[in-house]
Amino acid sequence: MRVSFTEWTKSGSPWVWLNAGAVAICMIMVIGLLSLIAVRGLGHFWPADLVQAKYTENGNTMVMAGEIVEQEMVPAAQLRDAGVNVPAGMDFMQRDLVKVGNRDVGGSDFIWVLDAFMSERNQPDMMFAAERREWGNFYGYLRGLKENGKLVASYKGYQKTDEYMALWNNFQARIERTLDIHDQISDIEKGTIGAINYKLERLRLKQRSLELKGVTDQSRYAEIDDRRVELNAEYQALQQTLLDLYEGFNRDTLVAETAAGQTIEISLGKVVRAFLPNNMSLGDKVGHYVSKIWEFMSDEPREANTEGGIFPAIFGTVMMVMLMSVMVTPFGVVAAVYLREYAKQGFVTRLIRIAVNNLAGVPSIVYGVFGLGFFVYFLGGNIDDLFFPEAKPAPTFGTPGLMWASLTLALLTVPVVIVATEEGLSRIPRSVREGSLALGATKFETLWKVVLPMASPAMMTGVILAIARAAGEVAPLMLVGVVKLAPSLPLDLNYPFLHLDQKFMHLGFHIYDVGFQSPNVEAARPLVYATALLLVAVIALLNLSAIAIRNHLREKYKALEM
Amino acid sequence: MSIDNSSHIQDLDFNTPAQQRLRKIRKAKDQFARGGIAVGGISVIVAILLIFFYLLYEVAPLFESAKIERWQQDGQEVQSYALPGGGKTLYMTMEEQAEIGLRVNDQGELFFFNTRNGEMLLQQKHPLTDSTTVTSFTLASEESRTFVLGLSNGQALVMKHDYKATYPDGKRVITPEVVYPLGETPIDLSDGPIELLALNGEEGEWRMVGGTEANLSVADLSLEENLITGEVEASTDIQALPKLNLAANKLLLMPDRRWLLIGGADGKVGVVDLQAANGPQTTQVIDATAGQITDFTLLLGGNSLLVSDTKGEVSQWFLVRDENAAWVLTKIRSFDGNNTAINDLTIEHRRKGFATVDSQGTLRLFNTTAHRTALEETVAQGNVDGIALSPRANALLVENRGQLTLWAVHNEHPEISWDALWAEVWYEGYEEPDYVWQSSASNNDFEPKYSLMPLAFGTLKAAFYAMLMATPLAICGAIYTAYFMAPALRRKVKPIIELMEALPTVILGFLAGLWLAPFMELHMAGIFVVMFTIPLGILLFAFTWTQMPNRIRFLLPDGWDAAILVPVVICATLFGLWIAPGIESLLFGGDMRLWITNDLGIAYDQRNALVVGIAMGFAVIPTIFSITEDAIFAVPKSLSYGSLALGATPWQTLVRVVMPTASPGIFSAVMIGMGRAVGETMIVLMATGNTPIMDINIFEGMRTLAANIAVEMPESEVGSTHFRILFLAAFVLFLFTFMVNTIAEVIRQHLRNKYGSL
């Protein structure tokens, strides 16, 4: 259909199209952001191919090997300014970020190189990657294995041969063995010795408490001393076991050659995993990928949080959110029921309703400040004075911790629950209530048996939204209890099992901390994306379920209103 | 047929004892629940309101004025006591705990006494030869506790009062002592009596200026510890100063040992540069006051000069570099004292404050930074001879007619005033008054700069750029979604927008800081080109689409335009990024980023307001979108049908009928979005450099109130001024957002009531 341009503009349809474009842009932004996080977050675990190449820049040549992590185009003018000898006639050059690993050898594990300056590129089959407990990844060729300093196996070439594979399998077996010992060691150190230390600390507090109370009965002190001697003896015994284990742990060493030809030795105790990325079949890669994701979800962080897993952060987040919902649900519901069912509907109630509504819009950092001042310093300080004088001057509850964090977030999210529950209550038709009352039920019975069950999906929606908000909130937590690395989980086997006074790790704060406070941002970045993906997935799931419940609810009451 | 009324069914008896009991229980339960729910509900609401009052409670002490009262000891008021030791007081001070006082008299005697009752603890006099008398006294600085006595034989003796705390039986006992940092032998400074004297320095390096008005000399003293014997050896280097052309009463040496300040007769102040190129030289003689100078002291840190006079005025001066890069002693501000001559002035040891007492016995406490009179109170009848403040500024000794009185001073936050928070302040070392936020530094004599202006400015700047990005997108999107979009598509779009609202801001902030900021630095031109290509692309596509034969156009159902635009927008973006390098080399010489810095001269930070604008815009879009969408959707359909029936196009109907009706709702949406942008913490924290600067430049960062709290709160000392100011910042945020939201909410409710009936 032919429409003249003036006619088209006059009708206003360009504006309509522009408005449609705004919606399209918003959609693209959301989807794009989610896919960016997803791609970067999930891509990290896939074993990337190792590239070896000769790199020549300004006359210096070196052999390097590693994973190409990122590629970008840079204006040649910028490079010329920086003193790089760029061939004439080029406007742009491709620049690659290569993860060369071997931080203990080369100093930094990421370097930027110009793609055009690389030559003799190949993907050596026998180059292996080792994830280590310190110094980041190692890339190189396996040259031999040592046991107690004596060479037990070695190999020289660069080709894939049976001999090399035999050495490789020997290497893998030894890694298995060392990892096994590592597990035993960490069991003892974290578990048993941790428990002993915890008991010793409790004994110290008990003694101090007796002293403070002015108890002079020496038998009670003696009791404590006996127990302490017992624990110390246990500790000594464990120490011996540990020594033996460590000896076995440090037994094996691997000899490897880097791409540049340098030979180094690495204790197997430092190796978490070793693999041949260029020699893996698709099945191997998938297996590797799954095991890496599992490690990410279930392990503790290594190397200043830049490697390993985020289990403590997941655990801390879940713990905090659970405590928060335990607190927020009853209070939010009671407040909503009071406002809707019991309070006299008038100006004051309206005012309160507006106030509660608006509190949801108060910046979260304000809640953090309130939590720090009121809960931590005021309430916590008084609790310490009253109940934990023996621990002073070290604060017990007078310092940011799990309980105060949950309480602060409960306060932050209680308006969400109140608003959602109230909305649910207001949707219940009057006739239902009247029916119940007409049958002789009291107001409370009506509420308990009729109204609340009908409003329960609304409450659920409120609680889910509250949880989603709490899980993603970081700013207030920074003030009231989150730390970058908590030594232990807030829930363990030591009495009283749930340690409300402990500081904890949190997914959101982990993202902030690793992404911005980490010494090695480049290495940490993929992990931050993965963490972000996890957080987004959890929150999206919670929100979508809340939306689903709400829609279901609306359908249900549509039928009732008929 | 008749109905048999004589029923065989037994009448139900509702009044059996069991039923009665049950009813009672049910009633009790009902009452109990009513009470419980009321208590619970009210307490939750009270708890929420507590936030407001608690913040206020923490902030309130900032604005309390100072108080003084007589010192209380064991519930008893401490009485005045006779001046310990005889003679005229040259100097009086107290130690850290304000338990022990020190008085130096004009015979060179030192008296350490208990400040509570005047009991003498230690009395010390340096053995001087019979004929020598003390002719002058000067203090290096309060915090160094070092002072000098100038003697009639041309010698000077440097002393320091020191205290040791021991804890026998768990009780604190403080023992005073006198040490001689430059040795017990007086230093030969001049031939004649030392009438004028000044000293400054630290550890091993000291400089002393002394002598008579006509004959001043400078002595540089350096101490070296002999590594083998551990003995301290002092070496002295004495030079004569040229004669002053000013009748001098008092000298002061600034801590850099370069500037000598002279307090002269008739309110004149002279400045001597001891390190001028051609030897010491008087650079300035100023009429500092109209009256006579009564006290002449350096403020904490030694950078500011305080001059008090017989007219009751105290003025603060410091060296400011003028346009010729020469240092000029400049009057910064003055403090009024009711036209009564000031008898004594003493500075605080830890803060930029001081106390004065006038000839009518009125004590005043001032703070220089805040330009604030914290207290004005009469402490004695008539003339007061001298006052001394304890290092913690919590105790004050007043000497009056041979009697000493100890007062307790409650002056927690003198450095705060309305001007200090919101107006330009001339800080020490600055060339002009400025708004600065700098809350802490490593040294003790630092002048804290608590101007909230840069933070408030940064907050509004971030919010402004975020709104600039979010408002058009959100409102246009909402208009389309509510008014033109097909319901099936709308059901898919709304959850996505809700999901967008739920995205944790820490994720947006991290992407903005780690992905968007570097991306934008690299594709600066691309971003701006895309801003044009997207709307152009959309319009171009739309017009082409209109020209299509109906057969093709009708393939797309009504209200699905947005869906078909998704690939168009993506293509336009990619196209924009693709042509950007060409445009960049054409217009900006190959690199727009360099062009901005070099040719435009605009500072460029990688994490700047543009990044924050986009990231925070993303966070604000869903808030505005949802509320706007609701407002437009709530406009009764009958209104638009009427308009359409009269022949208006859909766009005309929207603009003339629907939008005016929904405009209060849209306004409240923008307000709520604004509230969210103002309080957002994580995005700003991660996507800017957090530098508290005041500059509207889109390529520079900022620090917002919220981010500032997040950065500084964990390190701030509980109960300190800094701590309370952070609470004040939180309170300001709270009030702002609460008010904005309330207005928006009231408007929305009004709107709902108005159209609810239609």
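This is a predicted model: local features need pLDDT of at least 70, side-chain atom pairs count only at pLDDT 80 or more; totals for chains, interfaces and linings use all residues.
What is the handedness of the crossing of α11(B) and α12(B)? The crossing is right-handed.

## Chain A

Chain A contains 16 helices and 13 strands. Its domain assignment lists four stretches: domain 1 covers residues 5–43, domain 2 covers 51–123, domain 3 covers 138–280 and domain 4 covers 313–561. Between the C-alpha centres of domain 2 of chain A and domain 4 of chain A there is a distance of 50 Å.

The C-alpha atoms of chain A occupy a box of roughly 105 × 95 × 45 Å along the principal axes. The radius of gyration of chain A is 31 Å, whereas a compact globule of 562 residues would have one near 24 Å. Of the 562 residues in chain A, 37% are buried. Contacts in chain A between residues at least 6 apart in sequence can also be sorted by separation: 71% of them join residues at least 24 apart.

## Chain B

Chain B has 15 helices and 34 strands. Its radius of gyration is 38 Å, well over the 27 Å that the globule rule gives for 758 residues, so chain B is more spread out than a compact globule. Along the principal axes, the C-alpha trace of chain B spans about 135 × 100 × 55 Å.

Buried residues account for 45% of the 758 residues of chain B. When contacts in chain B between residues at least 6 apart in sequence are considered, 59% join residues at least 24 apart.

## Where the chains touch

How many residues does the contact take from chain B and from chain A? It takes 91 residues from chain B and 83 residues from chain A. On the chain B side, helix α1 (residues 17–59) gives the most, with 19 residues. Sorted by class, the side of chain B that touches chain A has 62 nonpolar, 18 polar and 11 charged residues.

## The helix pair α11 and α12 of chain B

Helix α11 of chain B runs over residues 637–645, and helix α12 of chain B over residues 650–679. The two pack at an angle of about 145°, and their axes are 9 Å apart. From α11(B), the contact uses B:L639, B:S640, B:S643 and B:L644. From α12(B), the contact uses B:P650, B:T653, B:V657, B:V658 and B:T661. By class, the contact of α11(B) with α12(B) has 5 nonpolar residues, 4 polar residues and no charged residues.

B:A325 is not a glycine, yet its phi is positive, at about 65°. B:A325 is exposed because it has 6 other C-beta atoms within 10 Å.

B:N338 is also not a glycine, and has a positive phi of about 60°. B:N338 is found in the loop between β25 and β26 (342–347) of chain B. Is B:N338 buried or exposed? B:N338 counts as exposed, because it has 12 C-beta neighbours inside 10 Å.

Terms used:
Residues are numbered from 1 along each chain as its sequence is written. Chains are lettered from A and ligands numbered from 1 in the order in which they are written. Domain bounds come from an automatic or database domain assignment. Helices (H or I, at least four residues) and strands (E, at least two) are DSSP runs, numbered from the N terminus. The radius of gyration is taken over C-alpha atoms; the globule rule is 2.2 Å times the number of residues to the power 0.38. A residue is buried if 20 or more other C-beta atoms lie within 10 Å of its own, exposed if 12 or fewer, and partly exposed in between; C-beta atoms are placed from the backbone. Two residues are in contact if their C-beta atoms, placed from the backbone, lie within 7 Å. Ala, Val, Leu, Ile, Met, Phe, Trp, Tyr, Cys and Pro count as nonpolar, Asp, Glu, Lys and Arg as charged, and the others, Gly among them, as polar. Axes are lines fitted to C-alpha atoms, for helices over the stretch in contact, and angles run from 0 to 180 degrees between N-to-C directions. A crossing is left-handed if the near helix is turned anticlockwise from the far one by less than a right angle, and right-handed if clockwise.
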